[in-house]
Amino acid sequence: MLRQVFQLGCLLACLLAYMGVAVSGFAQQGHPLTGTWNGDWGTAPEHRTQLTIVMTWDGKEVKSVINPGPDSAAGSVSVDVVDWTVRIAADLKDPSGKPVHVVADGKLEDLGSYHRTISGTWRQGGATGDFKLTRE
Amino acid sequence: MLLISAAVSAQRAPSAAYDSDRKVKLSGVVTRIDWVNPGAFFFVNVRDSTGTIANWAVEFGNPLDLEKDGWKPSSLHIGDTVTVEGLPARGPARQALATSVVLARTGAKLFVASNKPIAKVASQPAPRGPDGHVRLGPPPGKKGYWGTPSATVLVENTGATIPMNRDGILANIEDADKVAPFQPWAKAVYEYRQRTLLKDDPYNRCMPPGGVRHFQSPYGFQFVEQPEIGRTLLLIGGGDRNWRTIYTDGRPMGQKDNLVLTYYGTSAGRWDGDTLVVDTVGFNEKFWFTNGGLPHTEALHLTERFTRSDFNTLRYQVTVDDPRTYTRSWTGGWTIRWVPDEEIQEYFCEENAESTFVR
């Protein structure tokens, strides 16, 4: 039994070690905003709404699609490359289907990391909260 | 010593892994030897002043270079006592890059570079095939490959002097604008990579040296020309020991939207006089396409010109066109020397990942 636990532990360690290398290897190295970002926003830790934002760089501007799918919305993205602050603005729909304007101001962190993040303030209609997105 | 530094840069930028502003001296007993690529390591138990023993990993060169200098795995044995001087790793790892290794029982210095001068080869015209084209590979019955590049960095060919080391780290970050016509985001990324000493370079983790990078890497490359089936293979000696296929059958250059994006892209070649002109598109964004951390996007299009100006010299010129990263296309290049009568040696980057990446 002890031997089996040890073998399982070794297998897990090897797998994690392999994944550590592999994940780094698949990092996207182009424009830092390009890719799919997952995370959430909310006005409190217990009130969170999941977010997925897909961003692409076409050479002139960053384009974004917020929550791809039937309720997706195009967002405008501006970035200041001096300090890597990012603003995302979009018109979404609230749970009742009413249009609601969103402005998210955040900062890109861990620029060289595959799992870089953007976090900051999310304003949606009259609500203000925080958000954090991680590049997947 | 010089050889050791050069050998280590075969896959990793020493400046990213090791702190050249500090030194470390270690004495102890060798517990393990990893004579594998990309860097050979031995491990040594070092006792500190309190009597505590710590195991250090000591990188001492690349096996291919070490063997060329006459060193063998048997030059050192488990149980030998050694004194090592070197550069400590950045961060908390008990790891060092050796600049001197002395065997205690004999006082002999181990793994010293021979610094043999490169043999001068008589100048000859470039060989030609039956169709009259210059051969980029060896003539029939001969061996050889393209070896040491004259430059290991890519900068725009403007004539400007840009001091940097062989890994592409600028002596003065203010020179970034002279390297290439960056878009603002690309310059910011490039400067970030420079300031962090290229620590995030995928190449450091044995990712393929795509773009122009396989022509900057040690251990050379070889052309295998197959005109009868309309292609030239480019065998890469360093990095992940991969290959490129350059189609010379007249097919048009690939269209990015229809390609699976890869590290080496999709290449179509044609002859322009004695120059093989190769267009390549279809690169992914998972690698750095040149030493020094210049960014690129999937829009990257390289136009490479290979000119064997004489038997021993290959002129390499590349035009970089990536309108999502640079404000205009730009051109750089270098020359590469022929290594006669030898074959590319076996080199795989990944063999001692355990030592170098997980430790």
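## Reading a two-chain predicted model

User: Where in chain B does Pro208(B) lie?

Analyst: In this predicted model, Pro208(B) belongs to the loop that links α5 (184–195) and β8 (221–226) of chain B.

User: Which residues is Pro208(B) in contact with, leaving aside its neighbours within four places in sequence?

Analyst: With those neighbours set aside, the contacts of Pro208(B) are Gly239(B), Asp240(B), Asn242(B), Tyr263(B), Tyr264(B) and Phe287(B). For a separation across the chain, take Tyr18(B), which is 190 residues from Pro208(B) along the chain, with 22 Å between the two C-alpha atoms.

User: What can be said of Gly211(B), and is it buried or exposed?

Analyst: Gly211(B) is also placed in the loop between α5 and β8 of chain B, and because it has 24 C-beta neighbours inside 10 Å, it counts as buried. Not counting residues up to four places away in sequence, Gly211(B) touches Phe283(B), Phe289(B), Thr290(B), His296(B) and Leu302(B). Leu103(B), by comparison, stands 108 residues from Gly211(B) in sequence and 42 Å from it in space, C-alpha to C-alpha.

User: If I step back to the whole chain, how many helices and strands does chain B have?

Analyst: Chain B has six helices and 15 strands. Its radius of gyration is 22 Å, close to the 21 Å that the globule rule gives for 359 residues, so chain B is as compact as a globular protein of that length. The C-alpha trace spans about 70 × 50 × 35 Å along its principal axes, and 46% of the 359 residues of chain B count as buried. Among contacts in chain B with a separation of 6 or more, 60% come from residues 24 or more positions apart.

User: Which domains does the assignment give for chain B?

Analyst: The domain assignment gives domain 1 (2–116) and domain 2 (144–340), and the C-alpha centres of these two domains of chain B lie 32 Å apart.

User: How do I read strand pairing, and which strands of chain B are joined to β4(B)?

Analyst: The general idea is to follow the bridges from strand to strand. Strand β1 (residues 24–34) of chain B is joined to strand β4 (residues 81–88) by six bridges, and these strands run antiparallel; within this pair, Val29(B) stands opposite Thr81(B). β4(B) is also joined to strand β5 (residues 95–103) of chain B, by seven bridges and again antiparallel, with Glu85(B) opposite Ser100(B). β4(B) and β5(B) form a hairpin with six residues between them, and Gly91(B) in the turn has a positive phi of about 90°.

User: What order do the elements of chain A follow from the N terminus on?

Analyst: Chain A has one helix and eight strands, running α-β-β-β-β-β-β-β-β from the N terminus on. Strand β8 (residues 127–135) of chain A is joined to strand β1 (residues 35–44) by six antiparallel bridges, where Gly39(A) faces Leu133(A). Strand β7 (residues 117–124) pairs with β8(A) in the antiparallel sense over eight bridges, and Thr121(A) has Asp130(A) as its bridge partner. In the hairpin of β7(A) and β8(A), with two residues between the strands, Gly125(A) takes a positive phi near 60°.

User: Where in chain A does pLDDT stay under 50?

Analyst: That stretch is residues 1–25 of chain A, for which the model has eleven contacts beyond four places in sequence. Chain A averages a pLDDT of 85, and 81% of its residues score at least 70.

How values were computed:
Residues are numbered from 1 along each chain as its sequence is written. Chains are lettered from A and ligands numbered from 1 in the order in which they are written. This is a predicted model: local features need pLDDT of at least 70, side-chain atom pairs count only at pLDDT 80 or more; totals for chains, interfaces and linings use all residues. Domain bounds come from an automatic or database domain assignment. Helices (H or I, at least four residues) and strands (E, at least two) are DSSP runs, numbered from the N terminus. The radius of gyration is taken over C-alpha atoms; the globule rule is 2.2 Å times the number of residues to the power 0.38. A residue is buried if 20 or more other C-beta atoms lie within 10 Å of its own, exposed if 12 or fewer, and partly exposed in between; C-beta atoms are placed from the backbone. Two residues are in contact if their C-beta atoms, placed from the backbone, lie within 7 Å. Two strands pair if DSSP finds at least two bridges between them. pLDDT is the predictor's confidence in each residue, from 0 to 100.
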